[in-house]
Amino acid sequence: MAKISYSQFSQWDKCPHMWKLNYVDKVGEFSGNIYTIFGTAIHETIQAYLVAYYDKTIKVADSLPLTDIFQYRMEENYKISKNNSEQPLPVTLEEMKSFYQDGINIINEFLKRKSSYFPKKNHELLGIELDINYEVKENLKFIGYMDVVIHNKKTGRVKIIDIKTSTMGWNKWQKAAKNKTNQLLLYKKFFSKQRDISEDKIDIEYLILKRRLYENLQYPQKRLQVFTPANGKPSINKVMSRLNEFIDDCFDENGNHYTKDYKKIVSTKNCKYCEFKGKVDLCDRKMI
């Protein structure tokens, strides 16, 4: 059975031709950078803390050597990225040191404010990297992993939390970018179906970890930012409609990719960071 993920859908939504190069032709060569190394390491560190925090005690969680864990995961993720790359990894020692200090700053503030973001009383952890494995169409499954899922035992409500790293947080344009925020809407929809929980009982939240703070501001800033996008039925129906367009455009009834040319969506925003930029044999940026 074929599988799709939010990453696939998101890439198709930006540019179907870029999706084809990565997922059909499989000519993509992206292997990692300082942002993915850092993001994975800080995820793993905070998730390790939350497992002890919910499944054991706050005292046990607080005894974890988080800075050592974070440093170890930074180093291990660097090695993994380096081993997976055929080209020299574009990461310097100075970057590793700088991002490591950013991570320590985030961890310190997380520890101070953890109860504001992760209440413990009457709450239980349903899972870390909890999987979604839902058949969206015959011979086609949607696969995903939810960073943190918490259950309020008193109210019965469930919260899906996705941890994102950011240089200085999400501004109003990033919050409005559906390609960035639609992920949890789909997770909410499919988790509801998979666990037979009413959508009305599921909350979603992006927890954004800021590496840097603005300088010379008159008011205090937080390194942790919470954002909840609109996630009622109209919003979910809209993203489901778009997901179905992706499926219809790319997959036949057996879950196989269609062999065809896919539309190019050429724009400054899409093309600036595209890994195929400048590779004219793969993408000449002429509209199909």
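Student: Let's start with burial: what percentage of the 288 residues in the protein is buried?

Tutor: A residue counts as buried when its relative accessible area is under 20%. Keep in mind that this is a predicted model. In this protein, buried residues make up 43% of the 288.

Student: What share of the contacts joins residues at least 24 apart in sequence?

Tutor: Take the contacts between residues at least 6 apart in sequence: 69% of those join residues at least 24 apart.

Student: Let's turn to charges. How far apart are the mean positions of the positive and negative ones?

Tutor: The protein has 48 positive and 36 negative charges, and their mean positions lie 7 Å apart.

Student: How many salt bridges does the structure hold?

Tutor: To spot one, look for a side-chain nitrogen of Lys or Arg within 4 Å of a carboxyl oxygen of Asp or Glu. The structure holds 15 of them. In one, the side chains of arginine 242 and aspartate 13 meet at 2.6 Å, N to O. Arginine 242 sits in helix 9 (residues 233-250) and aspartate 13 in helix 1 (residues 6-14), so this pair ties together parts that are 229 residues apart in sequence.

Student: Why do arginine 242 and aspartate 13 count as partly exposed?

Tutor: Arginine 242 is partly exposed because its relative accessible area is 28%. Aspartate 13 has 22% relative accessibility, so it counts as partly exposed too. There's also a network of salt bridges here, linking Asp13, Arg242 and Glu245.

Student: What about arginine 211 and aspartate 102: buried or exposed?

Tutor: Both are buried. Their side chains meet in a salt bridge at 2.6 Å, N to O. Arginine 211 is in the loop between strand 5 (202-210) and strand 6 (224-227), while aspartate 102 is in helix 6 (residues 93-117); the two are 109 residues apart, and the pair links distant parts of the chain.

Student: Which residue does arginine 157 meet in a salt bridge?

Tutor: That would be aspartate 203, at 2.8 Å, N to O. Arginine 157 lies in the loop between strand 3 (140-152) and strand 4 (158-166) and aspartate 203 lies in strand 5, so the pair ties together parts 46 residues apart in sequence. Arginine 157 is partly exposed at 28% relative accessibility, and aspartate 203 is partly exposed at 27%.

Student: One last one: where does glycine 232 lie?

Tutor: In the loop between strand 6 and helix 9. Glycine 232 counts as partly exposed, at 38% relative accessibility. Its C-alpha atom is separated by 21 Å from that of phenylalanine 142, 90 residues apart along the chain.

Key. Residues numbered from 1 in each chain as written. Predicted model: local features only at pLDDT ≥ 70, side-chain atom pairs only at ≥ 80, totals over all residues. Heavy atoms only, no water. Buried < 20%, exposed > 50% of the residue type's maximum accessible area, 1.4 Å probe, protein only. Contact = heavy atoms within 4.5 Å. Lys, Arg positive; Asp, Glu negative; His and termini not counted. Charge placed at Lys NZ, Arg CZ, Asp CG, Glu CD. Helix = DSSP H or I, 4+ residues; strand = E, 2+ residues; numbered from the N terminus.
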